[in-house]
Every structure is written in C-alpha cells, then in structure tokens.
Amino acid sequence: MALRTVPRPLLDFADSLEIASFTYPVVETFHSIQGEGFWFGTAAFFIRLAGCDVGCPWCDTKISWNPKRHPQVSVGQLRDQVQVAQPKIIVITGGEPLMHDLYPLTTGLKETGLPLHLETSGAHPLSGHFDWLTLSPKPFKAPLPEIYDHVSELKVVIDQATDFQWAETQAQKIAAEIPQYLQPQWENPASQSLIFDYILAHPEWRLGLQTHKFLGVR
Ligand code: SF4
C-alpha cells in the first residue's frame, strides 16, 4: 500500500533550533504497541496532544479537551523521548491534533527517520508531514473535505445502529482500496454485536478492536 503524505507548505521556521523550541500542550507520551487498525501490533511512540472541540459524548479522553490543563512540551524534548524509546513508528494523537499547526512538530520529528502517523477526526485543517493518516470522522463535527484525499485508513466508531449510515457516507468519500474499520464504542457492549452482524452483510468493512483496552495497557 502506498503511503500518503501531506503536501509541504512554505515553512516560516529558519532553522532546526527554532523548530526544536516550538511547544505543544501534551497530555501524555508513552511507548507501547499500536493496538488497533492496519498497524496493529507495531511498537509505537504515542504523543497525545491536548485540545479537542469535537465533543463526542462517549469520548474516553475528555481529559484532553482543555489544552490549558496540560504542560507545554517542546519539539526538541519530544524528539529526545522518541530517540530514547526507539519505536518503529511515531503516532500523533489527541484530543484533536489538527487543532494545532503540526508542521513544526512533524518537521522536528522527521529528524528521527521514523514514520509519522496521525490519528484525527479531520475536523480542522490538515497540517504536517505524515506517512500515514488514520481518519476517525465524527458526526458531532464533520471532517473538512480536504482530508479525504490523504486518508490511509478509515475508522468509524459505532455506538448505535444509526451510526452505520454515517460510516457509509464517510466510506463513499475515500478510495475503495483504503482499509475501513468499524470500531465498537467501548462503553457500549451492544455495539459489538451490531458491528458483527453488519460486517457479515457488508464485507467491505473490517472489525476494528481496541486490543490495548482488552489487554489493560495503554
Ligand atoms: Fe474525544 Fe476524539 Fe471525539 Fe475529541 S474527537 S471528543 S478526543 S473521541
């Protein structure tokens, strides 16, 4: 599968020193294994940025919503953490990472030589240099149209039966060969059987499980 990258704009940053000192509100960083999607099972370094205005009622990271509750961490510090961890991939997640200009962060992290992955709802303008983009669109604040040309995989959370219609509208906006997952809403066990039955009738979809939650790890 060809990796998709976000176009490079003109950068305002004169040198890597300036990029390294750029800061972002960070909820947490951790070295773990990607528990879901196409890269399931891969050693990954996760950077969870703070800030989200999408407002999913079942959100499992509401602590990330207010960026003022979290410390500012520099790109240089984050790059150092990645180099100590030595993962296979770097995953930028949130919150909604695209609430921030991700060009400085991804420019700095590119110096590690590792692939950069983004997990986003797509509700804010795309920025940054990415090798893989996981789109998890939410009906509470729909993606901007520009995102669909950059999607590497589609992940739609299903809470109730009406969410399948939302999932199908999103799948129609991406190329047919892109992997598309239906993920149960973790707090609603009934969503698992809904998805099971749906995929049997709609085999273009795959089951997306948050295996890290089953394992009790981050
Ligand atoms: Fe939570 Fe993600 Fe929804 Fe934001 S987009 S409210 S972080 S689930």
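For the classes used on this tour, Ala, Val, Leu, Ile, Met, Phe, Trp, Tyr, Cys and Pro count as nonpolar, Asp, Glu, Lys and Arg as charged, and the others, Gly among them, as polar. By that division, the lining of the largest pocket has 13 nonpolar, 16 polar and eleven charged residues. The structure on display is a predicted model.

**First stop: the largest pocket**

Please begin with this pocket, whose volume is about 760 Å³. Of its 40 lining residues, select Arg48, Asp60, Thr61, Gly94 and Gln210, which are the closest to its centre. Next, colour strand 1 (23-33), strand 2 (43-49), strand 5, strand 7, strand 8 and helix 6 (211-215); each of these elements supplies at least two residues of the pocket lining. The largest share, three residues, comes from strand 1.

**Second stop: the ligand**

Now display the ligand, which takes up the space of the largest pocket. Around the ligand, select Cys52, Val54, Gly55, Cys56, Cys59, Thr61, Trp65 and Gly95. By class, this shell comprises five nonpolar and three polar residues, and no charged ones.

The peptide bond joining Gly94 and Gly95 is cis, with omega at about 20°. Most peptide bonds are trans. Gly95 itself belongs to the loop between strand 4 (89-93) and helix 3 (103-109).

Move to the loop between helix 2 (75-85) and strand 4, where Gln86 is found. Although Gln86 is not a glycine, its phi is positive, at about 55°. Most residues other than glycine have a negative phi. Is Gln86 buried or exposed? Its relative accessible area is 62%, and exposed means over 50%, so Gln86 counts as exposed.

Select the loop between strand 5 (116-120) and strand 6 (132-135), and within it His129. Leu126 and Ser127 lie in this loop as well. Buried means under 20% relative accessible area. His129 is therefore buried, at 10% relative accessibility. Leu126 counts as buried because its relative accessibility is 13%, and Ser127 because its relative accessible area is 6%.

Which contacts do the side chains of His129 and Ser127 make? The side chain of His129 makes a polar contact with the side chain of Thr107, at 3.3 Å. In Ser127, a polar atom of the side chain lies 3.3 Å from the backbone oxygen of His100. A polar atom of the Ser127 side chain also lies 2.9 Å from the backbone nitrogen of Leu102.

From Leu126, the viewer may then be turned to Thr29: these residues are 97 residues apart along the chain, and their C-alpha atoms are separated by 22 Å.

**Last stop: the largest cavity**

How many cavities of 30 Å³ or more does a search of the whole structure find? There are two, and the largest cavity holds about 110 Å³ of space. Select Glu36, Gly37, Glu119, Thr134 and Glu153, which lie nearest its centre among the 16 lining residues. Strand 5, strand 6, strand 7 (153-158) and strand 8 (180-184) each contribute at least two residues to this lining. By class, the cavity lining has six nonpolar, six polar and four charged residues.

Definitions and conventions: Residues numbered from 1 in each chain as written. Predicted model: local features only at pLDDT ≥ 70, side-chain atom pairs only at ≥ 80, totals over all residues. Heavy atoms only, no water. Near = heavy atom within 4 Å. 1 Å grid on protein atoms, 1.4 Å probe; cavity = no way out; pocket = protein on both sides within 12 Å on 5 of 7 lines; lining within 4 Å. Sits in = over half its atoms within 2 Å of the grid points. Helix = DSSP H or I, 4+ residues; strand = E, 2+ residues; numbered from the N terminus. Buried < 20%, exposed > 50% of the residue type's maximum accessible area, 1.4 Å probe, protein only. Polar contact = N/O pair within 3.5 Å; in protein donor to acceptor, adjacent residues only side chain to side chain. Points joined across faces, edges and corners; volume = space filled by probe spheres on them.
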